[in-house]
Amino acid sequence: MINANLKSSYAADERVLNNRYKQAFVYATILGLALFTLFGNDYLILIASQMGILLIAVVGINILTGYTGLVSLGHGAFVAIGAYAVTIFGNLGAGVIPAGLMPFISVPLAVALAAAVGVLVGLPSLRVKGLYLAVATLAANFIVIFLIEEDLFAPWTGGMVGINTNVPNLLGWELDTKREMFGLIAVVGLVSLLAAQNLIRTRIGRAFIAIRDRDYSAEILGISLLRYKLMSFALSAAYCGLAGALFAYFYARILPEQFELALSLNLVAALIIGGMGRTMGPVFGVIIVVMVPEVIKVLFGALAGDSAGAGQLRAPLQQIAFGVLLVLFLLKEPLGINQIVDRILRAANRWPFARG
Amino acid sequence: MSSAPRAGPKQLLHGGGRLLKIEDLHLSFGGIKALQGVNFEANAGEITGVIGPNGAGKTSLFNAISGFYKPDRGRVSFEGQDITTLSPDKRAALGLARTFQNIALFRGMTVLDNIKLGGHTRLNTNVWQALRYFGAAQKAELELRREIEEQVIDFLEIDHIRKYPITMLPYGLQKRVELGRALAMRPRVLLLDEPVAGMNREETADMARFILDVQEQFGTTILLVEHDMHMVMDICSRIVVLNFGQQIASGTPEEVSKNPAVIEAYLGAAA
């Protein structure tokens with residue numbers, strides 16, 4: 001199965017899907033998603049939608065942490081900003097802007113707002129690195145949740161009890177079922193993934209990686225650290241804002257507690273498990289992060305039944321399993337599932353010759 | 001591609017312009033005086049060597065020229081423009097490139113991507129174009145790729161390793177890739193910090209050949225810090241000698257090698 005890799009033009013060599021296997025995989029995935037949207041069962045649609053929304057946010061985290069090497073523990077804030085902004089803009093604009101055009105205005109506004117706040121939160125990254133930056137970004141999460149819950153803004157945000165969200169209306173098409181929403185999420189998710197991949201293969205993406213690998217060397221090549229670090233923060237916040245907007249559209253109601261620290265940590269955990277700084281990393285990570293609790297739920301239900309006592313036992317078990325998984329990945333496979341997949345593909349590619 | 005039209009090698013060689021001028025440069029870290037009044041000019045199209053015993057301040061001088069250290073006193077000017085207070089990325093955009101003593105390549109990337117980074121300032125793809133890729137970004141990327149393949153990878157004879165990650169390469173090749181990355185910037189002035197440190201004789205000869213080729217083909221002005229005296233004497237047209245931050249001599253290789261102060265700095269005073 002040796003896969004010859006001869007190219008006769010630079011364009012062919014620069015292509016992302018540079019062999020037939022990759023092309024087949026991507027086209028099959030798109031076909032599979034289309035069929036799934038039409039025929040998948042309701043429970044699986046729900047799970048897949050959660051993955052899709054989370055995926056968009058993790059792709060954003062990947063740009064920041066995976067490629068630029070800046071750790072943030074506050075990106076739940078941007079998901080919150082996206083979700084609340086799209087809802088509040090929707091409510092304020094109702095009656096003024098035609099319903100069918102609303103998402104085309106409120107979503108870009110929400111994403112832009114998240115990106116703008118992202119630049120603010122990114123400012124400390126010019127001074128501090130690593131753990132210190134993680135702590136500085138942590139503050140963003142708390143401040144945003146505090147502001148949402150604050151009585152002063154409660155008329156718009158709904159405060160602690162949350163707020164009902166709007167049904168998205170795309171040019172007259174109301175996406176009022178989970179299945180229709182999944183269709184939207186799948187399309188937006190694929191486009192987001194593609195856009196991130198595109199970003200990474202141009203000068204901007206290379207500048208990000210350069211800053212991650214050796215910042216002084218990046219500077220000597222004419223890369224402004226100020227500009228690119230803030231750009232990375234803005235882009236990742238924009239992705240999270242987009243995920244938040246879809247989150248608000250998907251669920252009937254949003255609550256501040258859904259966007260607390262646990263979400264920020266989940267995003268980073270998904271990236272670590274999936275594989276940092278790789279296009280497919282977020283995909284693998286999100287599948288695991290969403291599936292593990294579900295699998296435990298099903299297995300535990302089969303073993304211990306559905307009694308209230310069993311339910312009480314299950315929640316901490318899910319947490320513990322998740323924690324153990326994360327530690328195992330950090331110790332054994334710091335580059336995540338992507339690395340495992342790469343290794344398998346490499347061995348398959350060389351078969352029947354030496355493995356490795 | 002927006003870059004100043006480059007003067008041909010001949011023009012630069014015979015123009016005799018002073019491309020890089022260091023005037024009375026002083027730099028100290030607390031009580032340590034790293035540089036005390038360094039003065040020299042790098043003539044356009046020439047190779048100028050900076051030598052001196054360990055701790056003489058050679059790398060500090062390079063860091064001051066490339067913008068990492070801010071000198072206490074003195075001036076660095078580039079083509080007549082005072083660049084003493086410019087940040088490193090702005091100096092890079094003017095046409096100042098360098099390599100590092102301890103290789104400073106991006107280890108998570110392939111050889112090709114590392115060299116492509118050298119072309120960063122010449123591309124102007126914005127975020128929107130980058131996210132879309134097809135169109136302006138693709139055109140710029142392919143143009144850069146072609147240029148790098150033809151002018152850098154082929155020139156440095158590293159086409160067989162272009163797709164390799166940096167970590168897989170031996171030391172000598174990594175040094176060559178770093179030179180390639182600097183060349184992709186199409187520099188007017190190239191600072192090489194110990195380009196052959198730790199290399200065997202054959203690798204040193206290869207690197208010396210590449211440096212001379214760069215000078216001849218691209219007319220690049222080169223400033224070189226090196227401990228390998230044979231190489232320095234062979235390829236430099238002028239040499240500046242530092243000792244304990246002070247400039248103790250400058251001149252042609254013959255003048256410098258006969259200078260008593262230099263002999264004393266290197267060998268100790270004659271008993």
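These legends describe close-up views of a predicted model.

**View 1. The second largest cavity in chain A.** The model holds three cavities of 30 Å³ or more. This view shows the second largest cavity, with a volume of about 60 Å³.

**View 2. Residues that line the second largest cavity.** The lining includes Val59(A), Asn62(A), Ile63(A) and Tyr67(A). Leu193(A), Ala196(A), Gln197(A) and Ile200(A) also belong to the lining. So do Arg278(A), Thr279(A) and Pro282(A). Sorted by class, seven of the lining residues are nonpolar, three are polar and one is charged.

**View 3. Helices and domains around the second largest cavity.** Helix H3 (42-67) of chain A supplies at least two lining residues, and helix H8 (178-200) of chain A also supplies at least two. Domain 1 (22-259) and domain 2 (261-356) of chain A both contribute to the lining, so the second largest cavity lies between them.

**View 4. Phe244(B) in its loop.** Phe244(B) sits in the loop between strand S9 (238-243) and strand S10 (246-251) of chain B. Its relative accessible area is 62%. Exposed means over 50%, so Phe244(B) counts as exposed.

**View 5. Contacts of Phe244(B).** Neighbours within four places in sequence are left aside here. Phe244(B) is then in contact with Lys33(B), Gln36(B), Gly55(B) and Ala56(B).

**View 6. Phe244(B) and His227(B).** These two residues are 17 residues apart along the chain. Their C-alpha atoms are separated by 16 Å.

Methods. Residues numbered from 1 in each chain as written. Chains lettered and ligands numbered in written order. Predicted model: local features only at pLDDT ≥ 70, side-chain atom pairs only at ≥ 80, totals over all residues. Heavy atoms only, no water. 1 Å grid on protein atoms, 1.4 Å probe; cavity = no way out; pocket = protein on both sides within 12 Å on 5 of 7 lines; lining within 4 Å. Points joined across faces, edges and corners; volume = space filled by probe spheres on them. Helix = DSSP H or I, 4+ residues; strand = E, 2+ residues; numbered from the N terminus. Nonpolar A, V, L, I, M, F, W, Y, C, P; charged D, E, K, R; others polar. Domains from an automatic or database assignment. Buried < 20%, exposed > 50% of the residue type's maximum accessible area, 1.4 Å probe, protein only. Contact = heavy atoms within 4.5 Å.
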